[in-house]
Amino acid sequence: MKLLSIHLQRFRKHESLQLSLEGGANILYGHNGAGKTNVLEAIYFVCLTKSFLGASDADCLRFDAADFEIDAEMQSDAGVQSSVRVYYSASEGKHIFINRSPLDQFSKIVGEYPCVAMSPQDIGLVQGSPQERRKFLDGAISQTNKAYLEDLFNYKRALTQRNKLLAELRLSPRAASELRASLEVWTEQFSLIAASLIARRIRFAEEFATHLKDAYARFSSFEEAPSIDYESDFSLEQGLSKEDILKRFEHKLRSVESEEQRRGQTLLGPHRDDIKFTVDGHSLKKFASQGQQKTFVICLKLAQQFYIRERLGETPIFLLDDVFSELDRDRAKDLISLLKPLGQSVITTTGRKDFDGVNQLNIEALL
Ligand SMILES: Nc1ncnc2c1ncn2[C@@H]1O[C@H](COP(=O)(O)OP(=O)(O)OP(=O)(O)O)[C@@H](O)[C@H]1O
Ligand SMILES: [Mg+2]
């Protein structure tokens with residue numbers, strides 16, 4: 001996938017900014033606060049309908065503006081062109097149009113314009129909470145699997161219902177029999193979707209491991225083997241079928257039943273699981289140096305790029321925010337030579353970098 005051009009209007013700092021990009025590596029440079037990250041945020045927005053920084057739609061409105069608009073021209077690897085328009089206003093909410101036709105469900109666009117973003121914040125994937133790693137998992141799988149995205153929505157709904165019933169059960173034991181009957185129905189549905197999500201995540205971790213090793217071999221200068229393992233509150237050895245996982249999940253869920261009712265909330269499920277990153281069998285979070293952790297994160301994102309490309313047969317747009325500031329010149333050069341044949345990338349930095357065969361864009365000249 002390639003972004004040919006993009007026009008931001010009243011998005012973040014930009015009243016109006018028009019930008020054309022080339023295939024291959026593009027470096028977007030300019031001083032601090034010039035609005036480079038804002039541009040990457042807008043590109044991610046048209047691909048995946050939201051900010052990669054976790055910002056709300058309203059946060060992306062230019063201060064005092066009533067609405068924003070992003071218009072992008074895209075071209076698939078096969079050469080098919082399409083336009084994506086994102087419109088948001090506080091009163092009307094968000095609307096997305098592909099080739100001028102409105103999308104009734106935003107989830108339909110996910111995976112159509114594959115995109116991977118990386119920023120210094122991603123060190124949170126190693127150092128931060130399990131929630132950040134689950135977000136990474138869900139994001140990577142969703143772009144390549146629409147059924148997974150649907151399962152995620154349904155899981156959230158079942159979880160909310162279950163939590164509501166457990167909380168009610170705790171507060172009003174008198175309505176217990178009615179509540180218990182509803183709880184049973186929701187628990188059954190909840191367990192089915194949970195098992196399906198877990199099975200898919202385990203398969204992802206297995207498939208992804210190969211790409212991670214590949215990325216590590218190509219980019220890391222460390223002589224060590226990276227690995228990624230799915231972790232849940234019950235034992236999950238390799239090769240389990242979805243039915244096995246469901247049986248184990250239901251068994252474990254029954255064992256925490258009274259605890260759940262005492263606490264009034266769901267205590268088990270993919271919303272509490274984690275993935276563990278290790279190098280040579282040692283926890284990355286606990287034992288690796290800063291440099292090893294940063295290298296691992298870059299390799300994770302490269303692997304995500306490889307994984308999505310393989311599964312979709314379409315190369316994601318790769319957005320790298322300020323990643324060079326963390327690398328010495330040789331490593332930055334290595335990264336650029338890795339990126340050049342990997343489809344289109346957009347890299348922000350504060351200074352112009354002299355690399356061969358790279359499109360350089362000065363954002364200040366565009367403002
Ligand atoms: N909603 C908004 N409306 C208007 N301006 C905003 C909004 N959100 C952020 N800004 C401004 O945009 C600027 C930040 O832009 P951005 O983060 O893209 O800069 P940058 O070029 O990436 O800078 P750096 O090199 O420091 O990372 C800030 O000056 C900020 O005040
Ligand atoms: Mg920035």
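This is a predicted model: local features need pLDDT of at least 70, side-chain atom pairs count only at pLDDT 80 or more; totals for chains, interfaces and linings use all residues.
The protein chain holds 11 helices and 14 strands. Its C-alpha trace spans about 70 × 55 × 35 Å along the principal axes. The radius of gyration is 22 Å, which agrees with the value near 21 Å that a compact globule of 367 residues would have. Buried residues account for 36% of the 367 residues in the protein chain. Among contacts with a separation of 6 or more, 72% join residues 24 or more positions apart.

The domain assignment divides the protein chain into two parts. Domain 1 is made of residues 1–114 and 317–367. Domain 2 covers residues 120–313. The centres of domain 1 and domain 2, taken over C-alpha atoms, are separated by 29 Å. Domain 1 brings 11 residues to the contact, and domain 2 brings 12 residues. On the side of domain 1 that touches domain 2, helix H10 (residues 329–339) gives the most, with 3 residues. By class, this side of domain 1 has 6 nonpolar, 2 polar and 3 charged residues.

Ligand 1 has 17 residues around it. Lys13, Asn32, Lys36, Thr37 and Asn38 come nearest. Helix H1 (residues 36–48) supplies the largest share of this shell, 3 residues. Sorted by class, the shell around ligand 1 contains 8 polar, 6 charged and 3 nonpolar residues.

Conventions. Residues are numbered from 1 along each chain as its sequence is written. Chains are lettered from A and ligands numbered from 1 in the order in which they are written. A residue is near a molecule or strand if its C-beta atom, placed from the backbone, lies within 6 Å of it. Helices (H or I, at least four residues) and strands (E, at least two) are DSSP runs, numbered from the N terminus. Ala, Val, Leu, Ile, Met, Phe, Trp, Tyr, Cys and Pro count as nonpolar, Asp, Glu, Lys and Arg as charged, and the others, Gly among them, as polar. Domain bounds come from an automatic or database domain assignment. Two residues are in contact if their C-beta atoms, placed from the backbone, lie within 7 Å. The radius of gyration is taken over C-alpha atoms; the globule rule is 2.2 Å times the number of residues to the power 0.38. A residue is buried if 20 or more other C-beta atoms lie within 10 Å of its own, exposed if 12 or fewer, and partly exposed in between; C-beta atoms are placed from the backbone.
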